[in-house]
Amino acid sequence: MSQGPRSGLAAVSSALLAMSRHLEVRDVLKTIVASARELLDAQYAALGVPDDHGGFAQFVVDGIGEEQWKAIGPLPRQHGILAAMLHEAKAERLADVRKDPRFEGWPSAHPEMSDFLGLPIRDGDEVIGALFLANKLCTAEGSPPRPKPEGRCGFTEDDEELLSILAQHAAIALTNARLYERSRELTIAEERSRLAHELHDAVSQKLFSLRLTAQAAATLVDRDPSRAKGELQQVAALAAEAADELRAAVVELRPAALDEDGLVATLRTQIQVLDRAHSARVTFTGHGVRALPAAQEEAFLRVAQEALHNALRHSGAEHVDVTLHKRGPDTVLRVTDDGSGFDPTTVRRAGRHLGLVSMRDRAGGIGGSLTVESAPGKGTTIELEAPGG
C-alpha cells in the first residue's frame, strides 16, 4: 500500500480498472477492499458477503496482519452495525462506532476502531455485501500516516460519496466474477459428463471383448491348448489396456478446483452449493489445515462427497455438518448428520450401497483410517483421519 491517500480521477480509475481485471470472486473481494482502504486513507477496511444463515460466506480484510486475523477468531455474525448495513441497506458514517447503541464489542484480539464508514454493496434490490472502513488516517505532508487523534479527521461526506461510487462498481465486478465462476462450474460439469460417456463407451467395449475372448479360451482349453493360451494372452492384453484407460480417466477427472484453490476452499465452495440446492442446512468449518499432497486432498474430497451424498439423498437429515481440522500430526475430516442413521452391525451388508467400501479404500490408500458411528434414528458420523497437513 502507498504511504498516503490517493486522490483524483487517475486514482479512482486505477482502482476501478483493478477491480475489473480479476475474474475470481476472492481476488475481486481483495481488490475492492485494498482499493477502498487506499483511496479513502483508512487504517482498516473489510468486506463481508452474507450467507443465508446470519453469518458471512466470505469476509476479507485489509490492514490486519495474518497472525492477528487468526487470533481474532471465527468470522463475525450479522449483528450490530454490519446487520444495519445489510438489512437497512443504507450508509453508516459514525464519529465513533464504539458509542453507537448498536455496538456489541469485539473479540479481545480485534484492533481498536473509532471513526467508521460503511455501506452495502447492492445488485439491484439485493444486498450482496457490506463494505466498511475504520480509522481515517491523518496524513501530513512528508510524514507517515497515523490513526486520527481524538477530535480530528474522521470520514467526510466526500469520502462517503467516493465509497458509494466504488461500491457501485464493486457490485458490477463481484457479479461478473460470480457469473464467471458459475460458467466455469458448468463447463467443468459438461466436460466431466463428456468424459464419463467416453469412459463408459471405451471400458464397455473392452469388457465385452474380454468376455468374448475369455469364453473362447474356455472352450479351447481341452481341444486346442495352444490356441487357448493365445486367447488368454489376448485377455491379459485387453485387461492391461482397460486398466490404462481407467488410470488416464481418473487423472483427467481429478477435480480442477483442487489444483487451483486447495482442499479447504474447494470443500467450502461445494458445501455452499449443496446448502443452496437442498432443504437441509449444510455447514462447513475448516481451520488449521495446510496444503496436503494431491492424492490426499483428492481422497479427503471424495470421502466428503460420498458422505454428503449419503446424508442428503438417503438419511433425510435436516442438518449436515462438515469439519476439517488438525488432530496432532493428522488431518481429520468429519461429516455428521442428524438423519435416520442405521445399525452398524449391518454395515457389511449396507457398506456397498452407502459407498463405505469405496471410502475405506480411499482412506487406506493414503495411510488413513475411516470410522463410522451410527444408530437407527440417531444420525451418522463418518470420520477420515490421515497423516499430514
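Predicted model: local features only at pLDDT ≥ 70, side-chain atom pairs only at ≥ 80, totals over all residues.
User: What is the mean pLDDT, and how many residues reach 70 or more?

Analyst: pLDDT is the predictor's confidence in each residue, from 0 to 100. Here the mean is 80. A pLDDT of 70 or more is reached by 78% of the residues. Residues 1-6 fall below 50. Contact means heavy atoms within 4.5 Å. Beyond near neighbours in sequence, that stretch has 16 contacts in the model.

User: How many helices and strands does the protein have?

Analyst: Helices (H or I, at least four residues) and strands (E, at least two) are DSSP runs, numbered from the N terminus. The protein has 10 helices and 11 strands. Take the contacts with a separation of 6 or more: residues 24 or more positions apart account for 62% of them.

User: How much of the protein is buried?

Analyst: Buried means under 20% relative accessible area, exposed over 50%, and partly exposed in between (1.4 Å probe, protein chains only). Of the 389 residues, 41% are buried.

User: Which residues have the most contacts inside the largest nonpolar core?

Analyst: In soluble globular proteins, nonpolar side chains tend to be buried together. A nonpolar core is a set of buried Ala, Val, Leu, Ile, Met, Phe, Trp, Tyr and Cys residues joined through side-chain atoms within 4.5 Å. The largest one here has 33 residues. L263, L267, F300, V320, L324 and L333 have the most contacts inside it. At least two core residues come from each of α7 (256-277), β7 (281-286), α8 (294-313), β8 (319-327), β9 (330-337), α10 (356-365) and β11 (380-387). Helix α8 gives the largest share, nine residues.

User: What does L267 touch, leaving aside neighbours within four places in sequence?

Analyst: L267 is in contact with F284, L301, A304, L324 and L333. There is also a second, separate core of 29 residues, which includes V33, L163, A170 and L174.

User: How many salt bridges are there?

Analyst: Side chains of opposite charge can pair when their charged atoms come close. A salt bridge is a side-chain nitrogen of Lys or Arg within 4 Å of a carboxyl oxygen of Asp or Glu. That rule gives 13. One of them joins R37 and D62, at 3.0 Å from N to O. R37 sits in helix α2 (residues 25-39) and D62 in strand β2 (residues 56-62), so the pair ties together parts 25 residues apart in sequence.

User: Are R37 and D62 buried or exposed?

Analyst: Both R37 and D62 are buried. D62 has 19% relative accessibility.

User: Which residues join R327 in a salt-bridge network?

Analyst: Start with the pair R327 and E385, whose closest N and O atoms are 3.0 Å apart. This pair links distant parts of the chain: R327 lies in strand β8 and E385 in strand β11, 58 residues apart. Salt bridges that share partners join R327, R334, E383 and E385 into one network. R327 is partly exposed, with a relative accessible area of 35%. K90 and E88 form another salt bridge, at 3.8 Å from N to O. K90 is partly exposed at 44% relative accessibility, and E88 is partly exposed at 45%.

User: Is helix α4 mostly covered or mostly exposed?

Analyst: An α-helix has 3.6 residues a turn, so residues three or four places apart point the same way. Helix α4 (residues 80-88) is mostly covered, with seven of its nine residues buried. Those seven are G80, I81, L82, A83, A84, M85 and L86. The buried residues of α4 pack against β1 (42-50), β2, β3 (92-94), β4 (116-123) and β5 (126-138). Just after α4, A89 takes a positive phi of about 55°.

User: Where are D41 and N135, and what is their phi?

Analyst: D41 is not a glycine, yet has a positive phi of about 55°. D41 lies in the loop between α2 and β1 and is buried, at 7% relative accessibility. N135, in strand β5, has a positive phi near 65°. N135 is buried at 6% relative accessibility.

Methods:
Residues numbered from 1 in each chain as written. Heavy atoms only, no water.
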